[in-house]
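For each label, set the value against its cut-off.

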Amino acid sequence: MKNNRVLVLLIIAYIAAMFSVISWGLPNEARPFTYNMDEWHQLSAVRALFKYGTPNIPGSAHGSIFQFFLSGIYLIPFAVLGFVNPFAIHSSIDNPAMQERLFVIMRSNTLLFGILSVIVLAIIAKKYFNSNPILTILLFVGTPIWLTLTNYFKYDVALIFWILLSILSLLHYAKYPTLKNFIIASIPCALALATKVSAVPMLGIYIASFFLFTPKRLKKYKHLALGIIVFLAIFIILGIPDLFFRWNDYVEYLSSNLVSLALSKWVYVFFVLYPMTFGHIFYVLFLIAFAYWFIKIVKWLYFKKYTDHKNEVFLLFSFVMFLLSLIPLGLGAAGNRSLVLLPFMGLLSAKFIVNV
């Protein structure tokens, strides 16, 4: 903390800002419903998981189990101490005072993942890209989408933490390419997917990291097979253990999250929705940074110098993978689903500023 005083101050300011609005839009004695009904569905999923063994029941937020499980574990000490009783609420208009306390605690869980995301992002920027961590954090935290979603009990911010931890683990493997580090890297990658299915590009990124970072890879394909097996095993056990009992529910969930029948209005998405989502100044900065890195990487590939810049190539490739995964969603590619792009945008933009 002594060596990172500015970063600590930024985190404190971030926490203070979020706590100042942590009860906004929550049910209380004067208002029966949450402002964002997704929070009610997320809470219902947590309660359903611990009551029925699955979150995929009517009225709950369908999807992977892992974050709902972690949220329930987070609630246990508060329930033991008598602050809340999640099972004392029987409908969305029942016991609003209890709901308010419960959602404040759940929002603090989101904030915890937000703080961890900021710390991991700073480590990645400083250790693996020789970039300015403070600049990276300011670009990342200052976006409208991050400040907004941090104050909701949803799995989006937790997803960003697992994606960032995955990137950190894969970059560590790039520096120390051993079988142990490759297997360890599969854990956060799988947990990202176990948190939300929109992290499905992590499997492609994990496989690509083997080809990009592994020396003498032609002799080590067993390592890749083992890593994929561990990845899938963790995802199934912690993400979808009820798959065989809830197959139809998961078909609907995958369809709604990975495929959209809406017409793709990409001009509207890229030039209206994304500037509002990420902030106009930051978004323009990133477009310039993206063009810069694209030209750089094409040049490195042409002159066969990409081995000296594997981290940058890996980061841009990961961004493109997540961007492509949003294409089937059409207009649904905006909003909270676009949050998965933010860590890569922050890192690439900050490193661009440092370079120029």
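Predicted model: local features only at pLDDT ≥ 70, side-chain atom pairs only at ≥ 80, totals over all residues.

**Helix pairs and selected residues**

Q: What makes the crossing of α3 and α4 right-handed or left-handed?
A: The crossing of α3 and α4 is right-handed. Residues are numbered from 1 along each chain as its sequence is written, and side-chain values use heavy atoms, with hydrogens and water left out.

Q: Which residues make the contact of α3 with α4?
A: From α3 come Q67, L70, S71, Y74, L75 and F78. From α4 come L102, I105, M106, S108, N109, L112 and F113. Contact means heavy atoms within 4.5 Å.

Q: How many residues of each class are in the contact of α3 with α4?
A: There are 9 nonpolar, 4 polar and no charged residues. Ala, Val, Leu, Ile, Met, Phe, Trp, Tyr, Cys and Pro count as nonpolar, Asp, Glu, Lys and Arg as charged, and the others, Gly among them, as polar.

Q: Why are α3 and α4 called oblique?
A: Their axes come within 10 Å and cross at roughly 120°. Under 35 degrees is roughly parallel, over 145 roughly antiparallel, 65 to 115 roughly perpendicular, and the rest oblique. Therefore α3 and α4 are oblique to each other.

Q: How do α8 and α9 lie to each other?
A: The axes of α8 (residues 179-195) and α9 (residues 201-213) come within 9 Å and cross at roughly 165°. So α8 is roughly antiparallel to α9. The crossing of α8 past α9 is right-handed.

Q: Which residues of α8 and α9 meet?
A: F182, I183, A185, S186, C189 and A192 in α8 meet M202, Y206, S209 and F210 in α9. By class, this contact of α8 with α9 has 8 nonpolar, 2 polar and no charged residues.

Q: Why is Q99 called buried?
A: Buried means under 20% relative accessible area, exposed over 50%, and partly exposed in between (1.4 Å probe, protein chains only). Q99 has 1% relative accessibility, so Q99 counts as buried. Q99 lies in helix α4.

Q: What is in contact with Q99, leaving aside its neighbours within four places in sequence?
A: P27, P32, W40, I89, S91, S92, I93 and D94 are in contact with Q99. A polar atom of the Q99 side chain lies 2.8 Å from the backbone oxygen of D94.

Q: What is the phi of N95, and where does N95 lie?
A: N95 is not a glycine, yet its phi is positive, about 50°. Most residues other than glycine have a negative phi. N95 lies in the loop between α3 (66-80) and α4 (96-128). Its relative accessible area is 31%, so N95 is partly exposed.

Q: What makes K216 exposed?
A: Its relative accessible area is 66%, so K216 is exposed. K216 lies in the loop between α9 and α10 (221-239). Phi of K216 is near 50°, a positive value in a residue other than glycine.

Q: How do you know whether L212 is buried or exposed?
A: L212 has 18% relative accessibility, so L212 counts as buried. L212 is found in helix α9. Not counting residues up to four places away in sequence, L212 touches Y306, K310 and F314. L212 and T307 are 95 residues apart in sequence and 8.6 Å apart in space, C-alpha to C-alpha.

Conventions
Axes fitted to C-alpha atoms, helices over the stretch in contact; angles between N-to-C directions. Helix = DSSP H or I, 4+ residues; strand = E, 2+ residues; numbered from the N terminus. Left-handed = near helix turned anticlockwise from the far one by under 90°. Polar contact = N/O pair within 3.5 Å; in protein donor to acceptor, adjacent residues only side chain to side chain.
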